[in-house]
Amino acid sequence: AAQAVEDVEAREEGPGWGFGIDVLYLENVAIDYRDALIERQLSIDELRLTSLRSWEPELTTSLDVALSSGDASLTSTGTLRPFAEFFDLDFQVVGERLDAVGLEAVLEQAGVTALAGRLDSGFQVRVNTTADGGTMIAIDGDLVLEDWDVTLAQQSMAIGRAGWSGTVELGLFGDTNTFAAQGELGSSGLSAQADPYQAALGEFSWQGSVSGEVGELGASAVMDGAVAVAEASIADPVQDQVAAVAALSWQGRLASASADGWRVDSAGRLTGAGFIAGLRHRPQLLSLADLSLEVIAPQPGQLISLQTIALQGLSFARRAEVGDDEPGHVLAVSELALDQLVLDGSSLHLGELAISDLTAWLEMREDGTLLTGLPAAAAEQQPVVQADAPETSAANDQPATDGQRLRLAGLKTLGETTVTYLDQSVRPRAQLDFRNLEVSLGAA
């Protein structure tokens, strides 16, 4: 009797009923899916499942699926162990001509009034759990968007082509989660509109790696690689203003952390060409031919540390009416070079500043105002009138603090320097010309 009771208890503590599938095969199955938000016709072109047994948890199960809907297709081939002590999955997924047909109601709830375009992808995804209860996810492959148009209530965006090729890894461990990516990201023919602004980006590319973690004590991230932008612009048609850059690139490292407040460290090289800003039909408020600067890792207590800053072909405010032998801009410099810039919490330290071929035109108009070359709306803006401050007692009248301090190691002019001052508020009008000026300042 005692043995019988032990046998019954052993059976009750056992795994109970299990289930298994040796082979499951489906072919040419049509599905007409409809609910309140989604309406789409799908086809299971082929599905094959083999070797699924709950009582053999370490057994590897195979699953091959081929789906289609209109011109879109999605195939997946791989293996998994759903009942293993540590779950794992390894699948190869390929999608071609994927679209948003039948998802209009879902998109409308998300605020998207129109969506068109095509997505192609091919990647391998791996998922596995770890002994400490975490989950690792790795995705390696390509994703390409082509001819996408997205319209929202007050915004719209168009993408000629955008793509990613590389590896993404995620680690989910409860209190601390990690992420890492390495590969190439690029786009072309990008435009966006958010009333009243319009933006365009001819080409964008990023190649490198990024990694970091997010936890209870804060977040951190590190990015190494190269970023390049070509033919970028932003415009405000209402104010008739535009800013654009022909080329901009960064090569180096960026690191950020939030444990004790956000801090960003960087080291690398930034270069650019073809900067303009001004009116849409006369974008000549500011022009810069070339930019180059070296960024070095800041020391403790420093916010920004730069060296070897060089600007070439800098001009400000093109003049509307130019006489003979007069400069075309209010201010122009062929080259401006600064060998150091350090910003800390209380001061800005500048190294030696060299200005080559400086040309300046200062003009006082008949009404006694200085001609700046700024757009009329900005130049004629009225000052803001402040309300009278409440009276304070003499005990509260404290001297102002020093605030931010500026230190310049030295200043010198090179090449031909010309400064012209024209005063049309007096009669006869007065004009002073300073040519071949040489300026040299340095710390004692």
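These legends describe close-up views of a predicted model.

**View 1. Phe-19 and Phe-83 form an edge-to-face aromatic pair.** A search of the whole structure finds two aromatic pairs. In the pair shown here, the ring centres of Phe-19 and Phe-83 lie 5.7 Å apart. Their planes meet at 80°, so the pair is edge-to-face; the cut-off for that label is over 60 degrees. The two residues come from distant parts of the chain, 64 residues apart. Phe-19 sits in the loop between helix 1 (2-12) and strand 1 (20-34). Phe-83 sits in the loop between strand 4 (72-81) and strand 5 (88-98). Phe-19 is partly exposed, with a relative accessible area of 47%. Phe-83 is also partly exposed, at 31%.

**View 2. Trp-164 and Trp-206 form a stacked aromatic pair.** A pair of aromatic rings is described by the distance of the centres and the angle of the planes. Here the distance is 6.4 Å, and the angle is 15°. This pair, too, links distant parts of the chain. Trp-164 belongs to strand 8 (residues 155-173), and Trp-206 to strand 10 (residues 197-215). The two lie 42 residues apart. Trp-206 has 9% relative accessibility, so it counts as buried; the cut-off is under 20%.

View 3. Gly-20 and Trp-55 are 35 residues apart along the chain, and 8.1 Å separates their C-alpha atoms.

Methods: Residues are numbered from 1 along each chain as its sequence is written. This is a predicted model: local features need pLDDT of at least 70, side-chain atom pairs count only at pLDDT 80 or more; totals for chains, interfaces and linings use all residues. Side-chain values use heavy atoms; hydrogens and water are left out. Rings of Phe, Tyr and Trp (its six-membered ring) pair if their centres lie within 6.5 Å; planes under 30 degrees apart count as stacked, over 60 as edge-to-face and the rest as tilted. Helices (H or I, at least four residues) and strands (E, at least two) are DSSP runs, numbered from the N terminus. Buried means under 20% relative accessible area, exposed over 50%, partly exposed in between (1.4 Å probe, protein chains only).
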